[in-house]
Amino acid sequence: MLALGIRYLTGYAVATDAANRDLPEWPPHPARVFMALAAAMFETGEAQEERSALEWLEQQGNPFLRVSEAEPRDVVKHHVPVNDSGAPVKGKKALTQLQSVALGRVRQPRTFPRVRPHEDTVFLVWPNAEPSERERSALASICAKVIRIGHSSSLVQMWLEQAPPECNLEPADSGEKRLRTMGAGTLEYLESMFNKGEIEAHAELSERINSAKGASKRKLKEELAERFGGREPVSLRPTISQWQAYERVRPPKTGQIVASGVFDPELLVLTIDEGPIVGLETTWQFLTAMHKTILTTCDPAPEWLSGHAADGSPSERPHVALMPLAFVGQQYADGHLMGVAIAMPKGVAARDRGRALRGLLYNNQGIPKPVELKLGPLGTWKLARETRPSPPVTLQGPVWTRPSDTWATVTPIVLDRHPKTERAKNRDQWSREVAEIIAESCERQGLPRPEYVDVDKTSWHRGAPRAVAGKSAGFPLMPVKEGQGIRQQVHAWLRFEEPVEGPLLLGAGRYRGYGVCRPCKRGT
Amino acid sequence: MIEALTLDVLKEAVTGTAAAFRCRTQLQPAGGEGDKVFPPTYAGAVYATEMRRLPGREEPVECVLLDSVQSQANRMEEALQQAVDDERLKIPVIEVDFEGSETQLLQPINSRVTSLTVPHRLADAILRDSAVVEEGENSGKLFRDSTYAASWRGTSPANASPIYELCPTALLFGFWGSPEKPGGLGAKFQRCVVSEIVGIDAVISESRQGLRQDPLGIVKRAQVVLREDGAWEVAREEKKGGTRPSEINHGPILFGPTHGGVTVKSAEQMVVLSLPALRRLQFGVNGGSPRREINDAGRTVLAALGLCAAALAAEKGFDLRSRCLLWPTEPQIWEILDKPGAEPKKVTLTSEAAIQLLHEAAEYAEKVGLAWRKEPLVLKPSDQLMQLVKKSQELAAAQGAEAEGDV
């Protein structure tokens, strides 16, 4: 086992996202950490044993990580004085004076994206690595020399850790995060990009030319032109294009087993990046387009994804469900759609999930790509995998799945069967029947029977549309096939004897956005 | 009881395994807890805010940047400059003396232009475009062509002695450049000290705008006519060429929107001096290879310089900008961060003790062969630079300076 510890000494990690210069990078990508180690080695004499240790390290595969969540700071533009010219004028205008001296200077905008991690220490762990004593010693030496990871103000302490804590991020076929990593040849690539040898050779030759005279000067100039083609060698910023998906490590079950349904609590969340602001009422069109797009990018789609058996008939096994994620529950909640979660049925291996959804989420080069949905009159929407270190509450998977003994619907439950009692004739009896239908729906999914179910046309979550379909308001009735009757739909509040883990998706329309529940204490 | 930092403890930290000196100081508005303060605003007239998790608080709280890393570095340099001017501190400084130039300026440059006050330190364009008269010579040459520049032209962290001798603060605060070129292939020295001030648990007031009422009751309909010589007269009737009295600062004047400031529960200054950064620097003397004893001595001096800068800046006070005066509620206490997870050793250091420590460290360094300049290196601005400054002042007087940069 090999573990590297990193402590962010100022409490902040200042590093820019490789794909978007206006965002901070968090967690630190293994490739960035490796580049910091490489820089420390190159800048302090390039000892052979240190080089060998890094060449060994780059071949150890992708590390596990122990890293906390982090809060980003607003990315603002700082106007910093330039140094290519000290002129206090620009054209015919006098420039704003520096704060420290009464002379003007051109300024350029610069950003310094940063985050404040909840814990200032990060660990990278290779559980199966077996470094020799020499490699361990060399790596410890390099770690002690690392000054920063990211911007020059992102000061760190780095060391070899003997007893790292449990990791919480692991390499996976698909996952909520994608980090740049290193592999065989990365060190050599970094060295070639830095181009130190050529730069030093050019500088040395130029120095000799400056002090030479006559014929020897001419000869040296010829040598310079021949070797460098009239151009001065430069260092290039390295671009690491090897990416690896990471997902959260599930905590081991402690003695208490929490009941859950047929869906995996790890949701794949996509955020709506572009599109009109619409409410939950648009759920059916939105998720139908989403389902269609998923199937288009995975052909042939397995039964657990498509919801259809090999013969085309509807699958009788649990399959992927789509959940609309909308702003509900808060004081000013208005129910507008913010994203969608893909809930996988339990029992599908991570590798199979990754393979099936790769075409949806990544291009041929393995780079994340937006998901484009065409919704006719509602225009074209673009969604992206949610990877922010601190996304809005609505777009955090655990908000929809954390164990709770009380739950309430955000979208109405479409009843699996018609109640025998008519609501208008006997409301109490009708309510009891509907509660029973909902309880059965829970049991069919492997959930415990709720000890109490309350039903109403209005959701207990502020901002969610009512279960009454109307011309101007209310959640639309679920479309049905020709010849089938319209199904009743209700909002519900459920209480279980013990906490159950989500996602809780109930009723007939549960695969397409109906019956979506969220933890809810009554009165909140 | 927390002990005062001694030179031995400082040396032990620098030469051992310690990672950093860190100081966290709690501050309050000078007007008392809960008083409003005004953070810096950035492009788009926004504050830089973040959420932070605090012990005992279930939800994260909003915090706001009160003084950035770059601004704190400038304040530490200004504090060092002040101590040099007051003759409390002796460190090498490069000065550009604007007095006595043949070019007459509209406004003399009264502010100190030194390696501590120019933005890019030793590599700054102002130094680059200034001239120096070298020892034994009668006429000046551009700094970039001088032997001083030649001495640091090929420097790197593996050979930091020329810069230690000439401008050690550049090694502490970091810089990038060469005598000829900005950035590019020049020397690159990472900063060793980072400081920032953040307001904790901030409540941001709304922007305000309003109307300044004219005490003479002049209304905006009472137009005036402006003349070319700057004088004005009342327009006889509303006609072309007339303008509102607010153009000449009469009548009601709309102002804003202006920021309403913030209230914070407290503010925290965090200063970190990185010891791995100092250990990266090596100091050869007399053309020889760096030796352990000399390296240790040079790094100890720079560590003392960093602590001195922080102490002097704190002594100067935390008057960050208009309506943002903070006051420390506790003395500066430094933690020496060493083994991860272990309780750090704590030490105190007053500004006087810090100056004493720095002088002792520098004396010891000189004994082992690493010396720095005793007197400031004085440069004169080149004729071209003076002409540019003159032109800038004339343009500013005629047109008003172009507003570029932070609010």
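## Ground rules

Buried here means under 20% relative accessible area, with exposed over 50% and partly exposed in between (1.4 Å probe, protein chains only). Helices (H or I, at least four residues) and strands (E, at least two) are DSSP runs, numbered from the N terminus.

This is a predicted model, where local features need pLDDT of at least 70 and side-chain atom pairs count only at pLDDT 80 or more, while totals for chains, interfaces and linings use all residues. Residues are numbered from 1 along each chain, chains are lettered from A in the order written, and side-chain values use heavy atoms, leaving out hydrogens and water.

Helix 7 (residues 283-297) of chain A reaches 21 Å from its first C-alpha to its last, close to the 21 Å expected at 1.5 Å a residue (1.5 Å times one less than the number of residues). Its buried residues include A:Phe286, A:Leu287, A:Met290 and A:Ile294.

Helix 11 (residues 427-444) of chain A has 18 residues. Among its buried ones are A:Trp430, A:Glu433 and A:Ile437, and the buried set packs against strands 22, 23 and 24 of chain A. After helix 11 comes A:Gly446, with a positive phi near 90°.

## Nonpolar cores

A nonpolar core is a set of buried Ala, Val, Leu, Ile, Met, Phe, Trp, Tyr and Cys residues joined through side-chain atoms within 4.5 Å. The largest has 99 residues, and B:Leu10, B:Phe21 and B:Leu89 are among those with the most contacts inside it. Helix 8 (residues 292-316) of chain B gives the most to this core, 14 residues. Apart from it lies another core of 54 residues, including A:Trp381 and A:Trp400.

Methods. Contact = heavy atoms within 4.5 Å.
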